[in-house]
Amino acid sequence: MSVERLLILRLSALGDVAMTIPVIYSLAEQHPDVEITFVTRPFFARLLINAPANLRVFAADLKGRHRGARGLLRLMHELSALRPTAVADLHNLPRTWVIDTWFRMRGIKVRMVDKARSKRKKALRNKTEQKPFTERYRDVLGELGYDVRLTFKSLYEHVPAQPPVDPGSRAVGIASFARYANKTYPPEMMRQVAAALAAEGIDVYLFGGGGKEAEVLSGWEKDSPRIHCVAGTFAIEQELALMNRLRLMVSMDSANQHLASIAGTRVVSIWGSTTPECGFMPYGQSRENAVCHRIECQPCSVAGTPQCPLGHMKCLREINPKEIVDKVLSNIS
(Lines give C-alpha, C1' and ligand atoms only; values in the text may rest on other atoms or scores of the structure.)
Protein backbone atom coordinates (compact mmCIF):
# COMPACT_ATOMS: atom_id res chain seq x y z
CA MET A 1 0.00 0.00 0.00
CA SER A 2 1.47 3.37 -1.06
CA VAL A 3 1.94 6.10 1.52
CA GLU A 4 0.20 9.43 0.92
CA ARG A 5 2.47 12.41 1.54
CA LEU A 6 0.92 15.86 1.39
CA LEU A 7 2.87 19.10 1.13
CA ILE A 8 1.05 22.24 2.32
CA LEU A 9 2.53 25.62 1.37
CA ARG A 10 1.88 28.86 3.28
CA LEU A 11 4.94 31.06 3.65
CA SER A 12 3.44 34.20 5.22
CA ALA A 13 2.06 36.24 6.91
CA LEU A 14 1.54 35.67 10.64
CA GLY A 15 -2.26 36.00 10.68
CA ASP A 16 -2.65 34.03 7.46
CA VAL A 17 -0.50 31.18 8.77
CA ALA A 18 -2.54 31.17 11.99
CA MET A 19 -5.73 30.79 9.92
CA THR A 20 -4.35 27.62 8.32
CA ILE A 21 -3.88 25.86 11.66
CA PRO A 22 -7.52 24.94 12.37
CA VAL A 23 -7.69 23.40 8.90
CA ILE A 24 -4.36 21.56 9.02
CA TYR A 25 -4.85 20.17 12.54
CA SER A 26 -8.36 18.99 11.63
CA LEU A 27 -6.96 17.36 8.48
CA ALA A 28 -4.17 15.61 10.38
CA GLU A 29 -6.47 14.21 13.05
CA GLN A 30 -9.09 13.02 10.56
CA HIS A 31 -6.52 11.49 8.15
CA PRO A 32 -3.94 9.93 10.48
CA ASP A 33 -2.43 7.77 7.72
CA VAL A 34 -1.42 10.79 5.63
CA GLU A 35 2.07 12.18 6.19
CA ILE A 36 1.66 15.96 6.18
CA THR A 37 4.47 18.49 5.83
CA PHE A 38 3.65 22.14 6.35
CA VAL A 39 6.10 24.44 4.56
CA THR A 40 6.43 27.89 6.11
CA ARG A 41 9.03 30.32 7.44
CA PRO A 42 10.98 29.42 10.61
CA PHE A 43 9.24 31.99 12.82
CA PHE A 44 5.76 30.95 11.72
CA ALA A 45 6.65 27.29 12.25
CA ARG A 46 6.68 28.03 15.96
CA LEU A 47 2.88 28.41 15.89
CA LEU A 48 2.40 24.67 15.40
CA ILE A 49 2.25 23.82 19.09
CA ASN A 50 1.12 20.35 20.22
CA ALA A 51 0.78 19.27 16.59
CA PRO A 52 -0.73 15.89 15.64
CA ALA A 53 1.82 13.08 15.25
CA ASN A 54 1.49 12.92 11.44
CA LEU A 55 2.13 16.63 10.97
CA ARG A 56 5.63 18.06 10.70
CA VAL A 57 7.03 21.42 9.65
CA PHE A 58 9.57 22.21 6.98
CA ALA A 59 11.15 25.61 7.68
CA ALA A 60 11.76 27.50 4.44
CA ASP A 61 14.65 29.85 5.20
CA LEU A 62 13.86 32.54 2.64
CA LYS A 63 16.42 34.93 4.12
CA GLY A 64 19.17 32.32 4.19
CA ARG A 65 19.70 29.04 2.36
CA HIS A 66 16.46 29.37 0.37
CA ARG A 67 16.96 33.00 -0.63
CA GLY A 68 16.78 34.12 -4.26
CA ALA A 69 16.56 32.01 -7.42
CA ARG A 70 19.33 29.63 -6.37
CA GLY A 71 17.80 29.22 -2.93
CA LEU A 72 14.38 28.53 -4.45
CA LEU A 73 15.90 25.80 -6.60
CA ARG A 74 17.50 24.32 -3.50
CA LEU A 75 14.17 24.48 -1.69
CA MET A 76 12.40 22.61 -4.50
CA HIS A 77 15.05 19.89 -4.51
CA GLU A 78 14.70 19.50 -0.73
CA LEU A 79 10.92 19.33 -0.95
CA SER A 80 11.18 16.78 -3.77
CA ALA A 81 13.26 14.58 -1.45
CA LEU A 82 10.18 14.29 0.76
CA ARG A 83 8.47 12.46 -2.15
CA PRO A 84 5.09 14.20 -1.90
CA THR A 85 2.09 12.65 -3.60
CA ALA A 86 0.12 15.93 -3.60
CA VAL A 87 0.68 19.63 -2.99
CA ALA A 88 -1.77 22.12 -1.45
CA ASP A 89 -0.74 25.70 -2.20
CA LEU A 90 -2.46 27.89 0.41
CA HIS A 91 -0.29 30.88 -0.51
CA ASN A 92 -0.91 31.57 -4.21
CA LEU A 93 1.91 34.04 -4.86
CA PRO A 94 4.81 33.99 -7.37
CA ARG A 95 7.24 31.94 -5.25
CA THR A 96 4.73 29.16 -4.71
CA TRP A 97 3.64 29.33 -8.37
CA VAL A 98 7.16 28.26 -9.27
CA ILE A 99 7.03 25.44 -6.73
CA ASP A 100 3.63 24.37 -8.07
CA THR A 101 4.96 24.23 -11.63
CA TRP A 102 7.98 22.22 -10.49
CA PHE A 103 5.77 19.52 -9.02
CA ARG A 104 3.19 19.56 -11.81
CA MET A 105 5.99 18.87 -14.30
CA ARG A 106 6.78 15.79 -12.24
CA GLY A 107 3.22 14.50 -12.45
CA ILE A 108 2.22 15.42 -8.90
CA LYS A 109 -1.27 16.72 -8.25
CA VAL A 110 -1.32 20.37 -7.17
CA ARG A 111 -4.21 22.57 -6.09
CA MET A 112 -4.05 26.26 -5.23
CA VAL A 113 -6.22 28.39 -2.94
CA ASP A 114 -8.62 30.69 -4.77
CA LYS A 115 -8.07 34.14 -3.27
CA ALA A 116 -10.81 35.54 -5.54
CA ARG A 117 -8.87 38.79 -5.87
CA SER A 118 -11.16 40.32 -8.49
CA LYS A 119 -14.29 39.27 -6.61
CA ARG A 120 -12.95 40.73 -3.38
CA LYS A 121 -12.28 44.07 -5.05
CA LYS A 122 -15.77 44.02 -6.53
CA ALA A 123 -17.10 43.21 -3.07
CA LEU A 124 -15.71 46.52 -1.81
CA ARG A 125 -18.12 48.30 -4.11
CA ASN A 126 -21.09 45.97 -3.65
CA LYS A 127 -20.45 45.16 0.03
CA THR A 128 -21.03 41.45 -0.60
CA GLU A 129 -19.82 38.80 1.82
CA GLN A 130 -16.73 36.78 0.95
CA LYS A 131 -15.99 33.19 1.92
CA PRO A 132 -13.79 32.96 5.06
CA PHE A 133 -10.22 31.96 4.34
CA THR A 134 -10.41 28.93 6.60
CA GLU A 135 -13.10 27.60 4.28
CA ARG A 136 -11.02 28.49 1.19
CA TYR A 137 -8.13 26.49 2.64
CA ARG A 138 -10.43 23.57 3.38
CA ASP A 139 -11.71 23.67 -0.22
CA VAL A 140 -8.15 23.18 -1.53
CA LEU A 141 -7.78 20.00 0.51
CA GLY A 142 -11.17 18.80 -0.71
CA GLU A 143 -10.01 19.21 -4.32
CA LEU A 144 -7.09 16.93 -3.49
CA GLY A 145 -9.46 14.29 -2.12
CA TYR A 146 -9.21 15.09 1.58
CA ASP A 147 -12.59 15.89 3.10
CA VAL A 148 -12.09 17.91 6.27
CA ARG A 149 -14.53 18.87 9.01
CA LEU A 150 -13.32 21.88 10.98
CA THR A 151 -13.24 20.31 14.44
CA PHE A 152 -10.18 22.15 15.79
CA LYS A 153 -10.73 23.83 19.16
CA SER A 154 -7.38 24.96 20.52
CA LEU A 155 -3.64 24.39 20.39
CA TYR A 156 -4.05 23.35 24.01
CA GLU A 157 -7.00 21.01 23.65
CA HIS A 158 -4.93 17.96 24.63
CA VAL A 159 -1.95 19.52 26.44
CA PRO A 160 -2.48 22.33 28.99
CA ALA A 161 -0.84 25.69 28.32
CA GLN A 162 2.07 26.77 30.49
CA PRO A 163 1.96 30.59 30.44
CA PRO A 164 4.96 32.66 31.60
CA VAL A 165 2.75 34.45 34.14
CA ASP A 166 -0.52 33.52 35.85
CA PRO A 167 -3.11 36.07 34.68
CA GLY A 168 -5.69 35.05 37.28
CA SER A 169 -9.30 34.07 36.73
CA ARG A 170 -10.66 37.37 35.41
CA ALA A 171 -8.11 38.72 32.96
CA VAL A 172 -8.48 40.24 29.52
CA GLY A 173 -5.94 40.89 26.78
CA ILE A 174 -5.84 43.90 24.48
CA ALA A 175 -3.96 43.98 21.18
CA SER A 176 -4.53 47.53 20.05
CA PHE A 177 -2.25 47.75 17.03
CA ALA A 178 -2.51 46.44 13.47
CA ARG A 179 -0.21 46.47 10.47
CA TYR A 180 -2.12 49.33 8.86
CA ALA A 181 -3.19 52.62 10.41
CA ASN A 182 -6.73 52.40 9.07
CA LYS A 183 -7.20 49.11 10.94
CA THR A 184 -5.89 50.51 14.25
CA TYR A 185 -8.26 51.90 16.88
CA PRO A 186 -6.91 55.29 18.04
CA PRO A 187 -4.47 54.55 20.90
CA GLU A 188 -5.82 57.30 23.13
CA MET A 189 -9.29 55.72 22.87
CA MET A 190 -8.05 52.17 23.48
CA ARG A 191 -6.22 53.47 26.53
CA GLN A 192 -9.62 54.51 27.87
CA VAL A 193 -10.87 50.97 27.28
CA ALA A 194 -7.98 49.50 29.28
CA ALA A 195 -8.46 51.95 32.15
CA ALA A 196 -12.23 51.35 32.30
CA LEU A 197 -11.77 47.57 32.40
CA ALA A 198 -9.16 47.90 35.15
CA ALA A 199 -11.62 50.06 37.12
CA GLU A 200 -14.05 47.11 36.93
CA GLY A 201 -11.51 44.93 38.75
CA ILE A 202 -10.23 43.22 35.60
CA ASP A 203 -6.54 42.57 35.02
CA VAL A 204 -5.61 43.83 31.55
CA TYR A 205 -2.65 42.49 29.56
CA LEU A 206 -1.41 44.64 26.68
CA PHE A 207 0.00 42.81 23.65
CA GLY A 208 2.03 44.30 20.84
CA GLY A 209 5.42 44.42 19.20
CA GLY A 210 8.62 45.72 20.71
CA GLY A 211 10.01 49.18 20.08
CA LYS A 212 7.47 51.97 19.58
CA GLU A 213 4.43 49.81 20.37
CA ALA A 214 5.92 48.61 23.66
CA GLU A 215 6.89 52.20 24.51
CA VAL A 216 3.33 53.43 23.98
CA LEU A 217 1.71 50.56 25.86
CA SER A 218 4.08 50.73 28.83
CA GLY A 219 2.79 54.26 29.44
CA TRP A 220 -0.70 52.88 29.97
CA GLU A 221 0.48 50.91 33.00
CA LYS A 222 0.57 54.19 34.94
CA ASP A 223 -3.24 54.31 34.79
CA SER A 224 -3.77 51.30 37.06
CA PRO A 225 -1.81 48.55 38.84
CA ARG A 226 -4.15 46.13 37.04
CA ILE A 227 -2.76 47.08 33.62
CA HIS A 228 0.26 45.04 32.52
CA CYS A 229 2.27 45.62 29.34
CA VAL A 230 3.69 42.38 27.92
CA ALA A 231 4.51 43.80 24.47
CA GLY A 232 7.92 42.63 23.29
CA THR A 233 8.42 40.68 26.52
CA PHE A 234 7.67 37.05 25.69
CA ALA A 235 8.37 34.62 22.85
CA ILE A 236 5.44 33.87 20.53
CA GLU A 237 4.91 30.47 22.18
CA GLN A 238 4.64 32.14 25.59
CA GLU A 239 2.23 34.77 24.27
CA LEU A 240 -0.05 32.04 22.90
CA ALA A 241 0.02 30.21 26.22
CA LEU A 242 -0.87 33.43 28.02
CA MET A 243 -3.70 34.14 25.57
CA ASN A 244 -5.09 30.68 26.31
CA ARG A 245 -5.42 31.55 29.99
CA LEU A 246 -7.25 34.85 29.41
CA ARG A 247 -11.02 35.14 29.64
CA LEU A 248 -11.13 37.19 26.45
CA MET A 249 -8.97 39.04 23.93
CA VAL A 250 -9.74 42.45 22.41
CA SER A 251 -8.08 42.78 19.02
CA MET A 252 -8.17 44.71 15.79
CA ASP A 253 -8.55 42.90 12.47
CA SER A 254 -4.93 41.79 12.85
CA ALA A 255 -2.83 38.71 13.47
CA ASN A 256 -3.63 38.79 17.18
CA GLN A 257 -7.30 37.96 16.68
CA HIS A 258 -6.23 34.83 14.81
CA LEU A 259 -3.57 33.94 17.39
CA ALA A 260 -6.09 34.25 20.21
CA SER A 261 -8.54 32.09 18.26
CA ILE A 262 -6.10 29.21 17.79
CA ALA A 263 -5.18 29.57 21.48
CA GLY A 264 -8.85 28.83 22.20
CA THR A 265 -9.78 32.24 23.57
CA ARG A 266 -12.89 34.30 22.87
CA VAL A 267 -12.24 37.45 20.84
CA VAL A 268 -13.94 40.82 20.68
CA SER A 269 -12.72 42.13 17.34
CA ILE A 270 -12.76 45.77 16.20
CA TRP A 271 -13.06 46.61 12.51
CA GLY A 272 -12.08 49.74 10.61
CA SER A 273 -11.18 49.79 6.92
CA THR A 274 -12.21 46.16 6.62
CA THR A 275 -15.32 44.36 7.84
CA PRO A 276 -16.01 40.75 8.87
CA GLU A 277 -17.61 40.23 5.46
CA CYS A 278 -14.16 40.59 3.80
CA GLY A 279 -13.33 36.99 4.77
CA PHE A 280 -10.95 37.51 7.70
CA MET A 281 -13.30 36.78 10.57
CA PRO A 282 -11.28 34.80 13.13
CA TYR A 283 -11.93 31.07 13.30
CA GLY A 284 -14.68 29.95 15.65
CA GLN A 285 -15.61 33.45 16.78
CA SER A 286 -19.09 34.94 17.00
CA ARG A 287 -20.19 37.75 14.70
CA GLU A 288 -21.94 39.23 17.73
CA ASN A 289 -18.51 40.03 19.16
CA ALA A 290 -17.33 41.86 16.04
CA VAL A 291 -17.56 45.60 16.71
CA CYS A 292 -18.17 47.17 13.31
CA HIS A 293 -20.42 50.14 12.50
CA ARG A 294 -20.50 49.45 8.73
CA ILE A 295 -20.62 53.11 7.74
CA GLU A 296 -21.16 54.08 4.11
CA CYS A 297 -17.48 54.09 3.08
CA GLN A 298 -16.67 50.84 4.89
CA PRO A 299 -14.99 48.62 3.81
CA CYS A 300 -12.55 50.73 1.83
CA SER A 301 -9.87 48.07 1.30
CA VAL A 302 -9.51 44.31 1.06
CA ALA A 303 -6.89 43.95 3.78
CA GLY A 304 -5.99 47.45 4.99
CA THR A 305 -3.97 50.45 3.79
CA PRO A 306 -1.53 52.89 5.45
CA GLN A 307 -4.10 55.66 5.75
CA CYS A 308 -7.80 56.46 5.47
CA PRO A 309 -8.63 57.35 1.83
CA LEU A 310 -11.01 60.08 3.04
CA GLY A 311 -8.82 61.22 5.92
CA HIS A 312 -11.45 61.04 8.69
CA MET A 313 -11.17 57.48 10.08
CA LYS A 314 -14.85 57.60 11.09
CA CYS A 315 -15.12 53.81 10.92
CA LEU A 316 -12.97 53.62 14.07
CA ARG A 317 -13.32 57.03 15.67
CA GLU A 318 -17.10 56.68 15.85
CA ILE A 319 -16.74 53.55 18.02
CA ASN A 320 -17.09 54.81 21.57
CA PRO A 321 -14.70 53.15 24.07
CA LYS A 322 -17.72 52.38 26.26
CA GLU A 323 -19.14 50.22 23.47
CA ILE A 324 -16.05 48.04 23.59
CA VAL A 325 -16.02 47.93 27.38
CA ASP A 326 -19.69 46.91 27.49
CA LYS A 327 -19.07 44.18 24.92
CA VAL A 328 -16.21 42.79 27.01
CA LEU A 329 -18.19 42.90 30.25
CA SER A 330 -21.17 41.15 28.67
CA ASN A 331 -18.87 38.31 27.65
CA ILE A 332 -17.15 37.72 30.97
CA SER A 333 -19.87 38.51 33.50
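**Figure 1. Surface and overall build of the predicted protein chain.** The protein chain exposes about 14,900 Å², and carbon and sulfur atoms supply 50% of that area. Accessible areas come from the Shrake-Rupley method with a 1.4 Å probe; for residues, only the protein chains shown count as cover. Of the 333 residues, 54% are buried. Buried means under 20% relative accessible area, exposed over 50%, and partly exposed in between (1.4 Å probe, protein chains only). The protein chain holds 12 helices and 11 strands. These are DSSP runs numbered from the N terminus: helices are H or I with at least four residues, strands are E with at least two. The radius of gyration is 21 Å, close to the 20 Å of the globule rule for 333 residues, so the protein chain is as compact as a globular protein of that length. That radius is taken over C-alpha atoms, and the rule is 2.2 Å times the number of residues to the power 0.38. Along the principal axes, the C-alpha atoms fill a box of roughly 65 × 45 × 35 Å.

**Figure 2. Helix 10 and its surroundings.** Helix 10 spans residues 255-262 and is mostly covered, with seven of its eight residues buried. The buried residues are Asn256, Gln257, His258, Leu259, Ala260, Ser261 and Ile262. They pack against helix 1 (14-30), strand 6 (171-175), helix 9 (236-244), strand 9 (248-252) and strand 10. Contact here means heavy atoms within 4.5 Å. Just after helix 10, glycine 264 takes a positive phi of about 85°.

**Figure 3. The salt bridge between aspartate 203 and arginine 226.** A salt bridge is a side-chain nitrogen of Lys or Arg within 4 Å of a carboxyl oxygen of Asp or Glu. By this rule the count comes to 14. Here the N to O distance is 3.4 Å. The pair links distant parts of the chain, 23 residues apart. Aspartate 203 sits in strand 7 (residues 203-207), and arginine 226 in the loop between helix 8 (212-220) and strand 8 (227-229). Aspartate 203 has a relative accessible area of 18%, so it is buried. Arginine 226, at 33%, is partly exposed.

**Figure 4. The salt bridge between arginine 294 and glutamate 277.** The side chains meet at 2.8 Å, N to O. Arginine 294 lies in the loop between strand 11 (290-291) and helix 11 (314-317), and glutamate 277 in the loop between strand 10 (267-270) and strand 11, so the pair ties together parts 17 residues apart in sequence. Arginine 294 is partly exposed at 40% relative accessibility. Glutamate 277 is buried, with a relative accessible area of 17%. Both belong to a network of salt bridges that links Glu129, Glu277, Arg287 and Arg294.

**Figure 5. The salt bridge between lysine 322 and aspartate 326.** The N to O distance is 2.7 Å. Both residues lie in helix 12 (residues 321-332), four residues apart, about one turn of the helix. Lysine 322 counts as exposed because its relative accessibility is 54%. Aspartate 326 is partly exposed, with a relative accessible area of 36%.

**Notes.** Residues are numbered from 1 along each chain as its sequence is written, and side-chain values use heavy atoms, with hydrogens and water left out. In this predicted model, local features need pLDDT of at least 70 and side-chain atom pairs count only at pLDDT 80 or more, while totals for chains, interfaces and linings use all residues.
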